Amino acid sequence: MADSDLAALLCSRLCHDLVSPVGAIQNGLEVLGDESGADMRDQVVELLASSTRQASDRLRFYRLAFGAGGAFGDVVDTAEAHSAVAGLLVGSRVTLDWSVRASRAEKRLMKGLLNLVLVGYECIIRDGTLSVALDGQGTAESLRVSAAAPRLNVQDSLRGALQGRKSADDLDPKTAPALLAADIFSAQGLMPVMEEDADGAGGVVHLRLKAS
């Protein structure tokens, strides 16, 4: 698959996740133009504010995950990544357990981490917990992303994409972050792997890195 094909998939994923808040903003503005009641106008303004924040949060996350991301240079502040992930989850029923000990980390590592966060998030149905861990030195081998939920949806296409398999079944916007993560880490001689286990309240998906 050409880099341009992956870029197109990532753009599709970005557009898909922005359609809802941007559409809500458009609808809200149309209602606001026709509505004269104070109570209704207040509700519409609240909707506009919420949808605008959601669109802004998602754009901030995808700028870091898909784009150049963060400040210029080879390292980024992990607090920026933390804020971006937290913003992505606002309005969902997924809670975040952030255990990143390093204050700064190599930029490509953080881009890979954010894309693995998307992979884990994609596996959660409705509600659950997304856990992110990285040691104080920011070593890739210590990276862990886990998704725990009463109900999980783990697609085979995600597994294939994480292993760098780019078959026709893997080529869709949902699996694009997994493909990007595989490309990022393969340059470092690493491969993301997905492992599953069960607990008393459902299941857990673990994402980590191993030597390729």
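Predicted model: local features only at pLDDT ≥ 70, side-chain atom pairs only at ≥ 80, totals over all residues.
Residues are numbered from 1 along each chain as its sequence is written, and side-chain values use heavy atoms, leaving out hydrogens and water.

**Exercise 1.** Work out how α1 and α2 are arranged.

*Solution.* Start with the names: helices are DSSP runs of H or I with at least four residues, numbered from the N terminus. α1 covers 3-34 and α2 covers 38-66. Next, take the angle: the two pack at about 165°, with axes 9 Å apart. (Axes are lines fitted to C-alpha atoms over the stretch in contact, and angles run from 0 to 180 degrees between N-to-C directions.) Angles over 145 degrees count as roughly antiparallel, under 35 as roughly parallel, 65 to 115 as roughly perpendicular, and the rest as oblique. So α1 is roughly antiparallel to α2.

**Exercise 2.** Describe how α2 meets α3.

*Solution.* First, the geometry: the axes of α2 and α3 (residues 78-89) come within 8 Å and cross at roughly 135°. The two helices are therefore oblique to each other. Now the residues in contact (heavy atoms within 4.5 Å): α2 brings Asp57, Arg58, Arg60, Phe61, Arg63 and Leu64, and these meet Glu80, Ala81, Ser83, Ala84, Val85, Gly87 and Leu88 of α3. Finally, sort them by class: six are nonpolar, two polar and five charged. (Ala, Val, Leu, Ile, Met, Phe, Trp, Tyr, Cys and Pro count as nonpolar, Asp, Glu, Lys and Arg as charged, and the others, Gly among them, as polar.)

**Exercise 3.** Find the largest pocket and say what lines it.

*Solution.* Begin with the term: on a 1 Å grid over the protein atoms alone, a pocket is an open set of points where a 1.4 Å probe fits, with protein on both sides within 12 Å along at least five of seven lines; lining residues have an atom within 4 Å of a point. The largest pocket has a volume of about 490 Å³, volume being the space filled by probe spheres set on the points. Then look at the lining: it has 20 residues, with Arg13, His16, Asp17, Arg58 and Tyr121 nearest the centre. α1, α2 and α4 (107-123) each supply at least two lining residues, and α1 gives the most, with four. By class, the lining has nine nonpolar, five polar and six charged residues.
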